[in-house]
Amino acid sequence: MSDPEFSPETIEQARILFARPAVFVMGATSIPQLPPTDLPEVTFAGRSNVGKSSLINALVGHKGLARASNEPGRTREVNFFLVNEAMHLVDLPGYGWAKASKVTTRKFQNLGRDYLRGRPNLKRAYLLIDARHGLKEVDAEPMDALDKAAVSYQIVLTKADKIKPAELARVVEATAAAIRKRPAAHPVVRATSSETGLGIADLRAEIMQVCEITP
Ligand SMILES: Nc1nc2c(ncn2[C@@H]2O[C@H](COP(=O)(O)OP(=O)(O)OP(=O)(O)O)[C@@H](O)[C@H]2O)c(=O)[nH]1
Ligand SMILES: [Mg+2]
């Protein structure tokens with residue numbers, strides 16, 4: 001089902017944009033290593049294992065681009081992927097990774113937090129939430145930080161294929177209600193599945209627009 005907010009033309013332009021080769025640029029383990037801020041970028045943040053890397057792969061139609069894995073804590077760097085030489089998709093390490101040592105977890109989380117606060121070219125942060133679980137306490141901290149830093153963010157529900165459509169609709173609604181008073185949160189909650197492709201075409205169109213890419 002397509003989102004009425006994007007015309008068929010926009011959806012098609014975005015499909016073509018994301019069909020162009022996407023390349024891995026670099027993985028930064030510290031703030032000074034981050035690439036220059038001359039291109040627009042969007043980033044994907046969220047709990048470990050929520051499906052950040054898989055979503056990037058679904059967007060660019062390339063299963064092996066961002067490394068995804070069942071083992072939480074797979075992504076340990078701030079990874080930059082260049083699309084059409086025009087914008088970056090940024091894969092962040094996950095938070096709430098229980099298996100890692102406290103020190104390691106802190107290091108990734110601080111890196112993610114510093115990245116989110118320090119990128120003037122960051123057009124939007126997508127905060128990924130597992131559709132089966134909805135918002136959890138662990139998600140409040142990043143939302144507080146994004147609200148405080150006035151970084152525009154939007155909730156994307158992942159793994160929507162794992163629940164029934166009626167349940168998905170309920171989670172979308174409950175999530176939208178829960179973020180209503182958050183100043184930096186975009187009111188629209190998107191539902192996606194990297195497995196079935198649900199919501200991916202609309203997300204491509206939105207990213208194309210927020211990055212102001214013109215065909
Ligand atoms: N069924 C289903 N499984 C998914 C979906 N997205 C991701 N997964 C699975 O969830 C697991 C975690 O996915 P990743 O993309 O590695 O998650 P991540 O958020 O990048 O995890 P970290 O890098 O550890 O923070 C993998 O086994 C994926 O195959 C989805 O839309 N549907
Ligand atoms: Mg990952």
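Modeller: Helices (H or I, at least four residues) and strands (E, at least two) are DSSP runs, numbered from the N terminus, and the expected span of a helix is 1.5 Å times one less than its number of residues. This is a predicted model, in which local features need pLDDT of at least 70 and side-chain atom pairs count only at pLDDT 80 or more, while totals for chains, interfaces and linings use all residues. Residues are numbered from 1 along each chain as its sequence is written, chains are lettered from A and ligands numbered from 1 in the order in which they are written, and side-chain values use heavy atoms, with hydrogens and water left out.

Biologist: What length does helix H5 reach from its first C-alpha to its last?

Modeller: Helix H5 covers residues 165–179 and has 15 residues. At 1.5 Å a residue the expected value is 21 Å, and the helix comes close to it, reaching 21 Å.

Biologist: Which residues of H5 are buried, and how wide is the arc within which they fall?

Modeller: Buried means under 20% relative accessible area, exposed over 50% and partly exposed in between (1.4 Å probe, protein chains only). In H5 the buried residues are Leu-168, Val-171, Thr-175, Ala-176 and Ile-179, whereas Ala-166, Arg-170 and Glu-173, on the other side of H5, are exposed. The arc is that of the directions from the helix axis to the C-beta atoms. Seen down the axis of H5, the buried residues line one face of the helix, because they fall within an arc of 130°.

Biologist: Which elements do the buried residues of H5 pack against?

Modeller: Contact means heavy atoms within 4.5 Å. By that criterion, the buried residues of H5 pack against helix H4 (137–149), strand S6 (153–158) and strand S7 (190–191).

Biologist: How many aromatic pairs are there?

Modeller: Rings of Phe, Tyr and Trp (its six-membered ring) pair if their centres lie within 6.5 Å; planes under 30 degrees apart count as stacked, over 60 as edge-to-face and the rest as tilted. By this rule the count is three.

Biologist: Is the pair of Phe-44 and Tyr-126 stacked or edge-to-face, and how many residues apart in sequence are the parts that it ties together?

Modeller: The ring centres of Phe-44 and Tyr-126 are 5.6 Å apart and their planes lie at 15°, so the pair is stacked. Phe-44 is buried at a relative accessible area of 0%, and Tyr-126 is buried with a relative accessible area of 0%. Because Phe-44 lies in strand S2 (residues 41–46) and Tyr-126 in strand S5 (residues 122–130), the pair ties together parts whose separation in sequence is 82 residues.

Biologist: What kind of pair do Phe-80 and Tyr-115 form?

Modeller: Phe-80 lies in strand S3 (residues 78–83) and Tyr-115 in helix H3 (residues 102–117), so the pair ties together parts 35 residues apart in sequence. Phe-80 counts as buried at 0% relative accessibility, and Tyr-115 counts as buried at 0%. With the ring centres 6.3 Å apart and the planes at 75°, the pair is edge-to-face.

Biologist: Where is Glu-85 found, and is Glu-85 buried or exposed?

Modeller: Although Glu-85 is not a glycine, it has a positive phi of about 55°. Glu-85 is found in the loop between S3 and strand S4 (87–91), and at 69% relative accessibility Glu-85 counts as exposed.
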